[in-house]
Amino acid sequence: MKRSSYCGDVREDSIGKEITVCGWVHSRRDHGGVIFIDLRDREGLLQIVFLPENKEIFKTSENLRSEYVISVKGLVRNRPAGTVNSNMLTGNIELVVSDLEVLNTSPGLPFEISDYVETSEELRLKYRYLDLRRPNFQKNFIMRHKVSSEVRSFLNEEGFLEIETPFLTKSTPEGARDFLVPSRLRHGSFFALPQSPQIFKQILMISGFDKYYQLARCFRDEDLRADRQLEFTQIDIEMSFVEEEDVMDIVERMLSRVFKVALNIDIKTPFERMPYEDAMLRFGSDKPDTRFEMEIRDFSQELKSSEFSVFSSVISKGGIVRGLCIPKGAGFSRSEIDDITKFVGEFGAKGLAWMRITDTGAESNIVKYFKEEEVQAIISKLNAKSGDLAVFLADEEKIVAQGLGALRLKMGKDFGLIDKNKFNFLWIVDFPLMEWDKEEQRWQSLHHPFTSPKDSDSLTKENVRTTKARAYDVILNGIELGGGSIRIHRSDVQKKIFDILSISDESAKEKFGFLLDALTYGSPPHGGVALGFDRICALIAREDSIREVIAFPKTQKAVDPLSNAPSPVSEEQMKELGIKIVPKPVVNTTKV
């Protein structure tokens, strides 16, 4: 082994000792005939010194450039007075070189290896091997390793077994699009890469492995965002003979331990439990950011008889009116109000009503349509103060919730109301079991079709609209870390769910036959959860995108600039698989 120490690990206790370090030339300085180099490895930087007395080594050191790979041996000493660098963990010491070996050279770089240089993401990903050398980036991946190790240690101590499930499985296109893999041995048939190990972990429960976990690789062919990738990792957990609180307790204790190890902070448990309807009313989202207030309020009851027909007519047709108070927003110009009106329009809102709150009440071109008691009810319910701006949306519930929820987050960020040092965890519970799909004119599972309803025996097509699910999502700072549920463990209940979802017996058997058969052979009650491991790591690292904690991510255009994937394959490969490329259908966008 060439190296006796990592650069970033050398401390004062090594003074007077001869050590060998290896790494990359981070920076080079020539000070009056003495050459200083900051040598970098994954643990940090160490200043090394080349003195002119050692002529041969000094001459070689004069030719060292950024990102040359070198091995040096030398004596550790205190830095001279006045040269200590308090910004470096090794800033009190330096290594005086007695032996140097140049292991490799490097040409000029496409960008500087620095945490302080802005570079386009496309270029960073093309040269990902250079990007990954950046000190903060390396800290992210050391942290990711520690978190995964801690997760495994915790679950092992709790009696869980780590069991791998297949990558090549059956396509069940009920959620996102599957990635399909053609079978060479069975022409015309395809495997699918797993969107989740869901069915297999349920099979493991039926098999008697009552505590399972896996850091599972999952694949979904969907549009990419800051918190989504085509392939990702999730902490997958399943347990038998449990209730909701048992699963939530495991997750809370695991996350508390992870955050203590990674950030040395104590997470308060148990996490808050917030009903889905409460979250949608107060925050306009089922993943609310509770680090700041500015809660949404409903005025449907107070304004159902309002003379302002925009509100009263919407309410009479089954819609709702809700409002939000923007602190100190009364100073908004008309163009700024137009901007936020346009913003909520992106969520389907047809307009935005508003009132400026003053010392004498409210001012707006719509105030004249409201009775004094209605205005006072609005001010009181929003807890609005002079100088604030009250804004309102009137529409169907989903549009109002999404519009005001998004506006709340935007205002929280724009006004600096969010404390970035807070970690607010909570559980969203009491989800609806299903939601109505207007386009397809059928019910769809809010989570997935294997989620158990509350009171399974009384579930019917007539009461499905009001039936709650035994489901739970864990939220941190407005981001869904993951979700889970108590599963259906009886075949008759599973069949009832498929009937309501308009999945025929034939289709259910084709897609999920092996699970349905397994449920008939003594399936125990069971439940579990899946947590987005990349999202957890991004939040710990305080990164805005999970791409910053994934070693080789795809761009938002779903390509890998490093390997140039995806790419065409040869005619011979396609012929062997029985595949032929056909022209992509042309969509006619001509308006009649």
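The model is predicted. The chain holds 15 helices and 22 strands. Of its 592 residues, 47% are buried.

**The whole chain**

- The C-alpha trace spans about 95 × 75 × 55 Å along its principal axes.
- The accessible surface of the chain is about 31000 Å². Carbon and sulfur atoms account for 50% of that surface.
- Take the contacts between residues at least 6 apart in sequence: 68% of them join residues at least 24 apart.
- The chain carries 82 positive and 92 negative side chains. The centres of these two sets lie 2 Å apart.

**Nonpolar cores**

- In soluble globular proteins, nonpolar side chains tend to be buried together.
- In this chain, the largest nonpolar core has 42 residues. Leu155, Ile237, Phe259 and Phe425 have the most contacts inside this core.
- Helix 6 (residues 244-263) supplies the largest share of the core, with eight residues.
- Another core, of 33 residues, lies apart from the largest one. Its members include Ile206, Trp443, Ile497 and Leu501.
- Leu155 touches Phe160, Tyr213, Ile237, Ile250 and Met254, leaving out residues up to four places away in sequence.

**Helix 12**

- Helix 12 runs over residues 491-500. Its buried residues are Val493, Gln494, Ile497, Phe498 and Ile500.
- Seen down the helix axis, the buried residues of helix 12 fall within an arc of 160°, so they line one face of the helix.
- What do these buried residues pack against? Their partners are strand 18 (434-437), strand 19 (442-445) and helix 13 (505-519).

**Met88, a residue in a loop**

- Where is Met88 found? Met88 sits in the loop between strand 4 (69-78) and strand 5 (93-104).
- Is Met88 buried or exposed? Its relative accessible area is 16%. Buried means under 20%, so Met88 counts as buried.
- Met88 is in contact with Asp38, Leu45, Leu46, Gln47 and Arg79, leaving aside neighbours within four places in sequence.
- One of these partners, Gln47, is 41 residues from Met88 in sequence. In space, the two are 9.7 Å apart, C-alpha to C-alpha.

Conventions: Residues numbered from 1 in each chain as written. Predicted model: local features only at pLDDT ≥ 70, side-chain atom pairs only at ≥ 80, totals over all residues. Heavy atoms only, no water. Buried < 20%, exposed > 50% of the residue type's maximum accessible area, 1.4 Å probe, protein only. Helix = DSSP H or I, 4+ residues; strand = E, 2+ residues; numbered from the N terminus. Arc of directions from axis to C-beta. Contact = heavy atoms within 4.5 Å. Areas by Shrake-Rupley, 256 points an atom, 1.4 Å probe, with all protein chains shown as cover. Lys, Arg positive; Asp, Glu negative; His and termini not counted. Charge placed at Lys NZ, Arg CZ, Asp CG, Glu CD. Core = buried A, V, L, I, M, F, W, Y, C linked by side-chain atoms within 4.5 Å.
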